[in-house]
Amino acid sequence: MNCSSKEEELYLPITYNLEIPSLFSEKLIAPVIPANNPLTQEGVALGKKLFFEKLLSGDNSQSCASCHNPQNAFSDSQQFSVGIDGKKGIRNAMPLFNLAWNFDELFNWDGSEFSLENQAFEPVRNPIEMHATWKNVAQKLQNHPEYPTLFKLAFGTSTIDSVLITKAIAQFERTLISGNSKFDRFLRGETSLTPEEESGFNVFMDEAKGDCFHCHGSNNNPLWTDNLFHNNGLDTNFTDLGLGAKTGDPKDNGKFKSPSIRNLAFTAPYMHDGRFATLEEVINHYSEGLRFSSTIDPLMKKVSQGGVQLTTKDKADLKAFLLTLSDFEFINNPNFKNP
Amino acid sequence: MKKIMSFCVGLFLLLGCEKKDCCTNLEPITVTLQFTHNWDGIPINSSDFTTFKFTTEHGEQISIEQLRYLVSRIKIGNFEKNYQLINVGENTGLELVIPQIPQGNQFLKFTFGFTDADNIDGIYPDLNSTSFNVPMMMGGGYHYMQFDGKYKDSNNQNANFNYHTIRAVNMSNPMNLILEDTSFEVEIGTFELSKNTTIEIKMNVAEWFKNPNLWDLNVLNSVLMPNFDAQKMMSENGRNVFSVGTISN
């Protein structure tokens with residue numbers, strides 16, 4: 001008895017080394033891994049199993065992956081995801097990748113959750129999502145034939161609770177790295193762009209045209225987002241206050257987190273409310289559909305004319321460029337699929 | 001060789017001792033640089049953002065939404081820091097604590113932006129991570145300043161401005177960009193330091209619109225990055241924005 005408990009104390013899970021794309025380590029500061037939740041092989045494996053685990057919902061019908069589908073770069077192809085009771089939310093499920101490089105650790109469209117660990121608490125108890133109680137979920141896993149052992153391997157205890165569940169899920173989420181699109185290979189000198197893609201990149205980078213790079217990254221910021229909150233001119237009046245609802249400050253009304261423009265081929269529909277079904281609609285919005293409101297971002301140009309009026313060719317090129325950021329290896333990675 | 005080395009070390013020690021004997025207790029001190037911002041004397045803090053509080057010399061009312069800029073080669077005494085990004089809206093980088101400055105008269109200066117020698121595309125991970133880059137098509141490297149907000153246009157309508165300063169670039173021939181270093185050195189002055197000291201460095205934001213180039217936001221409001229002449233004018237106006245403020249112990 002004594003002996004075995006001693007073994008338990010000595011047991012250490014194996015460190016999991018993130019495979020960081022060379023462009024990320026070259027260009028960016030280190031990813032955020034909290035000291036109290038280091039990545040381990042056992043923790044990541046457990047987190048993956050939990051991410052696909054329907055026992056996490058009230059009626060055992062829904063997992064995180066039900067709304068965050070690997071085939072869609074972990075987003076939902078429906079405009080509004082449906083929870084277990086058939087209820088719909090008001091926001092489009094976000095894609096999940098490169099989350100460890102969200103340096104401010106503010107998650108959700110409005111930044112309402114700090115850290116991945118905290119974020120993971122929310123969907124399980126949200127009545128319009130998985131609608132469960134953490135107590136019941138922990139109990140179901142405790143009674144499961146495999147989970148107690150897996151928790152023991154990952155965290156040294158077979159007593160399951162919400163804190164360890166969310167820690168394991170967060171570990172798995174940090175391994176979801178997308179950094180091998182055509183444009184990444186182009187930057188690494190392994191392939192070339194078509195003339196259309198190249199001129200589309202220039203539209204993206206040109207302050208007089210797209211001027212997208214101020215918010216959506218660049219060849220020097222391969223996250224392709226600033227992870228900050230802006231009003232990109234979608235509405236004159238807001239039905240969803242976004243950041244403003246979180247901070248209570250009217251100056252933040254209508255601001256949402258800039259999404260990464262990686263993997264757009266898989267993440268339609270677009271914007272926080274999934275209002276645009278296609279990239280053409282997105283591009284038309286920036287080109288001529290901007291709407292003024294007091295919190296609109298100063299980077300939105302010629303708002304009184306609806307935008308900078310890109311030419312048909314510029315629009316087509318811009319779309320071609322955006323699609324070079326699709327990472328097929330990411331959506332087909334067996335490590336990220338349902339075990 | 002070894003002998004020479006030990007001779008040198010001996011000499012050093014001797015000199016070191018001598019110095020200590022003559023000058024009683026000259027402990028190095030800590031200097032804190034504090035970057036503050038004002039509009040012709042009225043303090044600007046993040047809480048003053050996004051309200052039409054200030055009026056430019058030319059007469060446009062403006063509201064500030066983002067103000068972040070880079071100072072580099074910050075030098076005082078034997079100390080030099082490569083660069084610091086100051087973000088007024090996020091209250092970051094406003095202070096620089098420099099320990100171990102020798103007592104005595106010390107000169108303080110820095111560069112606004114990066115000189116060409118330091119303005120190398122993509123090499124600073126912290127600046128990349130916060131998207132401070134300049135596209136290669138405009139010469140690459142980094143912004144010196146991103147100053148964004150709204151102004152009341154001639155019809156009293158809200159309009160956006162992006163007062164972004166970078167190395168000036170003439171893009172008329174994209175295959176052959178003409179670049180001009182528009183960073184500039186700011187000499188704050190000499191300070192007689194005998195104890196820990198805080199030096200306030202003030203930026204009068206109104207000066208960016210004042211002189212020598214009176215700035216009309218109705219004419220020059222956005223897409224200033226690829227505007228060679230605008231960059232030169234912004235650089236000229238920048239020469240007057242910094243001054244020394246309160247010095248406290």
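1. A quick definition before we start: a residue counts as buried under 20% relative accessible area, as exposed over 50%, and as partly exposed in between. Keep in mind, too, that this is a predicted model.

2. Let's begin with A:H131. This residue is not a glycine, yet its phi is positive, at about 40°. Look for A:H131 in chain A, in the loop that runs between α5 (116-125) and α6 (134-142). Its relative accessibility is 36%, so A:H131 counts as partly exposed.

3. Next comes A:N263, another spot to check in chain A. Its phi is near 65°, again a positive value in a residue other than glycine. A:N263 sits in the loop between β4 and α13. Is A:N263 buried or exposed? With a relative accessible area of 0%, A:N263 is buried.

4. Stay in that part of chain A for a peptide bond. A:A268 and A:P269 are joined by a cis bond, with omega about -5°. A:P269 belongs to the loop between β4 (256-257) and α13 (279-288), and A:N263 is likewise found between β4 and α13.

5. Now over to chain B. Which residues does a cis peptide bond join there? They are B:N211 and B:P212, and omega is about 10°. As for the place, B:P212 lies in the loop between β13 (197-204) and α3 (228-238) of chain B.

6. Why pick out these spots? Because most residues other than glycine have a negative phi, and most peptide bonds are trans.

Technical notes: Residues are numbered from 1 along each chain as its sequence is written. Chains are lettered from A and ligands numbered from 1 in the order in which they are written. This is a predicted model: local features need pLDDT of at least 70, side-chain atom pairs count only at pLDDT 80 or more; totals for chains, interfaces and linings use all residues. Side-chain values use heavy atoms; hydrogens and water are left out. Helices (H or I, at least four residues) and strands (E, at least two) are DSSP runs, numbered from the N terminus. Buried means under 20% relative accessible area, exposed over 50%, partly exposed in between (1.4 Å probe, protein chains only).
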